[in-house]
Amino acid sequence: MKKNSRILIVRSEYNDTTDMEVIANKAIDKNKELERSTIVVKGAFEIPVTIAKNIDNYDGFIAIGIIIKGETTNFSLISQSITHAIMSLSISSKKPIGNAVLTCLTKKQAAERVAKGEEAAKAVIDILRQN
């Protein structure tokens, strides 16, 4: 990993993702050679475009959001669109994007999965170490 690699966390504020960010930051802070920043967006749908706007300024990204299924098909459409956009950005830029955008049926399920923030951070760090 190059010294002073930069990671951007892009976090949706919808459905309270604060704990996921805290856990991701703890994983990043264990690596002294990393610098990090955070941008908070309104909803998960804004995460990919925010990463795209910042793609040249950072070495890796962590996408943090929570999508809870409602009574319409919006859940499936949003979830698939975000996942596809994140993967496309990662491949085209050749930069790691840790996906911690949870797609859950209930808020309880989301609360049980806050460790995904750490998992996404560790995945990005592992890929940065390979370079």
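Helix axes here are lines fitted to C-alpha atoms over the stretch in contact, and angles between N-to-C directions run from 0 to 180 degrees. The model is predicted.

Two packed helices are described by the angle between their axes and the distance between the axes. Helix α1 spans residues 18-29, and helix α5 spans residues 116-130. Their packing angle is about 35°, and the axes lie 7 Å apart. The crossing of α1 past α5 is right-handed. On the α1 side, the contact is made by Met-20, Ile-23, Ala-24, Ala-27 and Ile-28. On the α5 side, Lys-116, Gly-117, Glu-118, Ala-121, Lys-122 and Ile-125 take part. Sorted by class, the contact of α1 with α5 comprises seven nonpolar residues, one polar residue and three charged residues.

The model contains an open sheet of four strands. The strand order is β2-β1-β3-β4, and the pairing is parallel. Strands of a sheet pair through backbone hydrogen bonds, either parallel or antiparallel. β2 (34-41) and β4 stand at the edges. Each has a single partner strand, so one side of each has no neighbour in the sheet. On average, neighbouring strands of this sheet are turned by 10° against each other, direction ignored.

Helix α1 packs on the sheet and touches β1, β2, β3 and β4. The direction of α1 makes about 170° with that of β1. Helix α3 also packs on the sheet, with contacts to β3 and β4. The direction of α3 makes about 175° with that of β4.

Bridges were assigned for individual strand pairs. β1 and β2 run parallel and are joined by eight bridges. Ser-5 has Leu-34 of β2 as its bridge partner. β3 and β4 also run parallel, and eight bridges join them. Here Ile-64 is partnered by Ala-100 in β4. Seven of its eight residues are buried, so β1 is largely enclosed by the rest of the structure.

In soluble globular proteins, nonpolar side chains tend to be buried together. The largest nonpolar core of the model has 19 residues. Ile-7, Ile-28, Ile-62 and Ile-64 touch the most other members of this core. At least two core residues come from each of β1 (5-12), α1, β3 (60-68), β4 (97-104) and α5. Helix α5 gives the most, with five residues. Ile-62 illustrates the contacts involved. Leaving out residues up to four places away in sequence, Ile-62 touches Ile-7, Leu-8, Ile-9, Val-10, Ile-28, Gly-98, Ala-120, Ala-121 and Val-124. Another core, of 18 residues, lies apart from the largest one. Among the members of this other core are Val-41, Ala-44, Leu-89 and Val-101.

Ile-78 is found in α3. The relative accessible area of Ile-78 is 19%. Buried means under 20%, so Ile-78 counts as buried. Not counting residues up to four places away in sequence, Ile-78 touches Phe-45 and Ile-67. Asp-59 is 19 residues from Ile-78 along the chain, and their C-alpha atoms are separated by 26 Å.

Ser-90 also has its place in helix α3, which covers residues 74-93. Ser-90 has a relative accessible area of 17% and is therefore buried. Leaving aside neighbours within four places in sequence, Ser-90 is in contact with Lys-95, Pro-96 and Ile-97.

Most residues other than glycine have a negative phi. Asn-15 has a positive phi, near 65°, and is a residue other than glycine. Asn-15 lies in the loop between β1 and α1. The relative accessibility of Asn-15 is 24%, so this residue counts as partly exposed. Lys-94 is not a glycine either, yet its phi is positive, at about 60°. Lys-94 is found in the loop between α3 and β4. With a relative accessible area of 71%, Lys-94 is exposed.

Methods:
Residues numbered from 1 in each chain as written. Predicted model: local features only at pLDDT ≥ 70, side-chain atom pairs only at ≥ 80, totals over all residues. Heavy atoms only, no water. Left-handed = near helix turned anticlockwise from the far one by under 90°. Contact = heavy atoms within 4.5 Å. Nonpolar A, V, L, I, M, F, W, Y, C, P; charged D, E, K, R; others polar. Buried < 20%, exposed > 50% of the residue type's maximum accessible area, 1.4 Å probe, protein only. Core = buried A, V, L, I, M, F, W, Y, C linked by side-chain atoms within 4.5 Å. Pairing = 2+ DSSP bridges.
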